[in-house]
Amino acid sequence: MEGQLCANLEISVEKPPEASPPSFIALLKVYRELLVSRIRNTQCLIDNLIKNDYFSTEDAEIVIQFPTQADKVRKILDLVQSKGEEVSEYFIHVLQKVTDAYYELQPWLDEIGYKPSENICSKPVVNTDPVSRYCQKLRYELGRDSKFVMSYAQREEMLLEEIYSDNIMELVSFTNESLGKVCQLEALFDDAVGLINEDGETIYVFGDAGIGKSILLQKIQSLWARKELEIGAKFFFRFRCRMFSCFKEDEAICLKDLLFKYNCYPDQDPAEVFHHILQFPHTVLFTFDGFDEIYSNFDLSSVPEMCSPNEPIHPLVLLVSLLRGKLLKGSKKILTARTGTEIQRNIIRKKVLLRGFSSNNLKEYTATFFKDEGQRTLVLNQLEANPNLCSLCSVPLFCWIIFKCYEHFHSVFDSHELPDCSVTLTDVFLLMIEVHLNRSLKTSLLKNNTRSQAEMFKSRKETLLALGKMAYKGMENSFFIFEQEEVSSVNISEADLQLGFLRTVKGYSGCDNQCTYEFLHLTLQSFFTALFLVMEEKVGAKELLQFFNECSSTETAQPTCLRIPWLKKQLAGKDPFRNKEHFHFTNLFLCGLLSRSKQKLFRHLVLPAVTKRKRKTLITYLGESMKSHLKGVTRSRLPNYNQVQVQPNFVWMLRCLYETQSEKVGKLAAKRMHANYIKLTYCNAYSADCSAISFVVHHFQKRLALDLDNNNINDYGVKQLLPCFSKLAVIRLSVNQVTDHGVKILYEELSKYQIVTFLGLYNNQITDVGAKYVAKLIEECSSLEYVKIGANKITSEGGKCLAQAIQKSKTMFEIGMWGNQVGDEGAKAFAEALRNHPTLTNVSLAFNGITTEGGKSIAEAMQHNNSVKIFWLTKNELDDEAAMSFAEMLKVNKKLVHLWLIQNQITAKGVKYLSEALKENTAIKEFEWEPDKPRGGQSF
């Protein structure tokens, strides 16, 4: 209709230059109903018409008296047209200039080709639209709030642009299988990639503590505020989920108050702004940070699923209704939580896993952090020399802490060295505490009278104890926000607050008139809780182990934990390492603080007898827990191996054991496994966890199989496994971000010991460079029988090297190359390797870009092979000519049992050749092909 009306008006709008100008009165008459249906704000039009003396106050009063918006627009059009061409043109000019308010009319303005006259251009236009003004205010306030990142030393703020660095973001399926990387933040909102549920509205971002979830949301907020995030969002509302824990059970607010009171309040006409949001929910973007941090005694099962946007109700109901799409359906939402918080599938649109820094990300972050090139080079060299520390740096929070500590000690003490021994997470946090306390001293005194760590802690014992007591009280109840009264009750002074362990947060729920506080990061609260348990002499065995028990109870420990029907809490019976990450970190730090290496530090903080008693209690408990845990794991009997398949929570157990740094504990753990095949797949293990794995595994006396498939090990983790390689006969590292550098480490270590039989490197980031190292290992290590290196980035060059190595090997049993790109050149090299090979039995060259030429070479070589039983060539580009060659091969080769040729380019003609050949070959048990079909196959 609109286009038709435009065509009808062409004569009056588009005239030759010598003709009279178009009639704007006629234009408004023709498009009257279009304008009535699309103008949603009349006040801005009235304000500008009055400002330029086109309307009188009486005109405005006449318009305002009409009850509906449509009638108001009709009356404005009547009055404008009655006042002549100039006023009619100015009316259109306002629509063009105030794009935020009249964005729906911009295509129409483009279509009619409106260009204001010189006279009208001189007339001012002021945007008084309350929606537009609110959007501007939102962008200003969110831009200001996201500009800086508060450092862990509270007195210092850093520009987000100077500290933010990308980390690995991976789109995953519901079962956490990779769907590709996120290279641009806009891709989070692009349905072309990673969409797993088109009915869901929430992008679920998850990862471990400190991995960068909050700063990612801050980056998104900053881009939106600067109009650099083109996703069609006019409104941006951000919430930290822990604020919902502050609302009392009987508290109720409406959606409008939740949006405006806890974000940014409109200066004009809040009702109209809220109405606009209700009308256009697709223009709204929400971020909800830290969903796992909600703890409340409000029972959501007692309220209906549907709720009104206008009626007051408990804030948690509003939150859940927004996530479910019961309120503001169609709005965009990003929800973050720590790994292990499982949310029902029906609300999730995409899942995004944050994996931390890759080696390149770490180098970029180091360059961002250390502007001085000499200092940067020094840090990178020291990290390279200390894989343990480097692994910790793959977690952005821990990297930040380590770098800030280095920066502080370098500037104050002229110290250039990072720790060169095994570094635990407890060591890193103790170093951070030392930096905080050092900063409280005057610089001149600090340089002249440097104190040891023990002396510094002793001088601030009361401060540490007070902070620990408050952290402990909060941890007991899973509270992460503290009111001024709670801070004062444990005697935390103003000077203590200035140390930077706590930061002020916006007051929530009745706390508006006083400051509220939180620890700078949840892991810091866990650390101070553990510090309190060690320092407080009255803490007995029950209190000392209570957070282990919190993790082991079959019921949720606190009756105040949020009960949401579609929030799945992982319950694992009496497993003391069930997923409650803030408790896990507390337990981990407790193990570290009670380790023998920390006795000197605590000698002046607590009586040695007390520390000894607590340490004995803890070690005894860990031993019994390990024994209990391993009784419940899945065990399998494999040829030459007794396999134990552990759960993700087992990684937390290993982390705790590593923090103790007790060789006795490590040996005991290895002994009690009663297995020589450790399966740790899908356990969310990071590179730093390889230190803990090595800590236990290197105590095994016999050869061992270690399966770490589908984790986040990367090159740093491979380096952390160095103590294990002398024991490893099977090493599986598939789907782990391993690059050529990691493969080089594997070659250097495994070739030393000559015992590895199985090497799994499927779906990593290995190029031809890494393939050459694997080829050298095959050549030099006669024990190696199985190599899985598919789904990498290996071309014909790497393929030829591997094939030549296999040709020389007399022991190779299986090679898996699915999903590389070796092409015909690589296929020819593999053909030569296959010819008369004595042992090679299973071969996969599927999805490798092999065409007719390569296929014919393989088929011809297989006429001279008696060892291969299974051959996969699916998803290549083999045609009927290649099929004919394979048919000839089948007439000769009577040893091949399984041949897969599906998803190639073989037609019915090629199938006929193969079918005829099969009449002469009775050895084939399984033969898959597909004539002119994209999927499926025929089986014989």
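Which residues of helix H40 (residues 852-862) are buried? In this predicted model, the buried residues of H40 are Thr852, Gly854, Gly855, Ile858, Ala859, Ala861 and Met862. An α-helix has 3.6 residues a turn, so residues three or four places apart point the same way. The cover over the buried residues of H40 includes helix H39 (823-834), strand E24 (870-872) and helix H41 (880-892).

**Nonpolar cores**

Ile858 also belongs to the largest nonpolar core, which has 260 residues. Within that core, Phe237, Phe403, Ile858 and Phe871 have the most contacts. Setting aside neighbours within four places in sequence, Ile858 is in contact with Ala827, Ala831, Leu834, Leu845, Ile850, Phe871, Leu873 and Phe886. A second, separate core has 36 residues, including Leu27, Leu35, Leu49 and Leu79. In soluble globular proteins, nonpolar side chains tend to be buried together.

**Strands and sheet**

Strand E24 is also part of an open sheet of 12 strands with mixed pairing, in the order E15-E16-E17-E18-E19-E20-E21-E22-E23-E24-E25-E26. Strand E15 (634-638) and strand E26 (926-928) stand at the edges; each has a single partner strand, so one side of each is left without a neighbour in the sheet. From one strand to the next, the twist averages 10°.

Elsewhere, strand E10 (residues 348-356) is mostly covered, with nine of its nine residues buried. E10 pairs with strand E3 in the antiparallel sense and with strand E5 in the parallel sense.

| Strand pair | Sense | Bridges | Opposite residues |
|---|---|---|---|
| E5 (residues 202-207) and E10 | parallel | five bridges | Thr202 and Ile348 |

**Cavities**

How many cavities of 30 Å³ or more does the structure hold? There are three. The largest cavity has a volume of about 310 Å³ and is lined by 23 residues. Of these, Leu392, Leu425, Arg655, Ala688 and Asp689 lie nearest its centre. Four helices each supply at least two residues of this lining: helix H18 (387-392), helix H29 (581-593), helix H32 (649-660) and helix H34 (689-697). H32 gives the largest share, four residues.

Methods
Residues numbered from 1 in each chain as written. Predicted model: local features only at pLDDT ≥ 70, side-chain atom pairs only at ≥ 80, totals over all residues. Heavy atoms only, no water. Pairing = 2+ DSSP bridges. Axes fitted to C-alpha atoms, helices over the stretch in contact; angles between N-to-C directions. Core = buried A, V, L, I, M, F, W, Y, C linked by side-chain atoms within 4.5 Å. Buried < 20%, exposed > 50% of the residue type's maximum accessible area, 1.4 Å probe, protein only. Contact = heavy atoms within 4.5 Å. 1 Å grid on protein atoms, 1.4 Å probe; cavity = no way out; pocket = protein on both sides within 12 Å on 5 of 7 lines; lining within 4 Å. Points joined across faces, edges and corners; volume = space filled by probe spheres on them.
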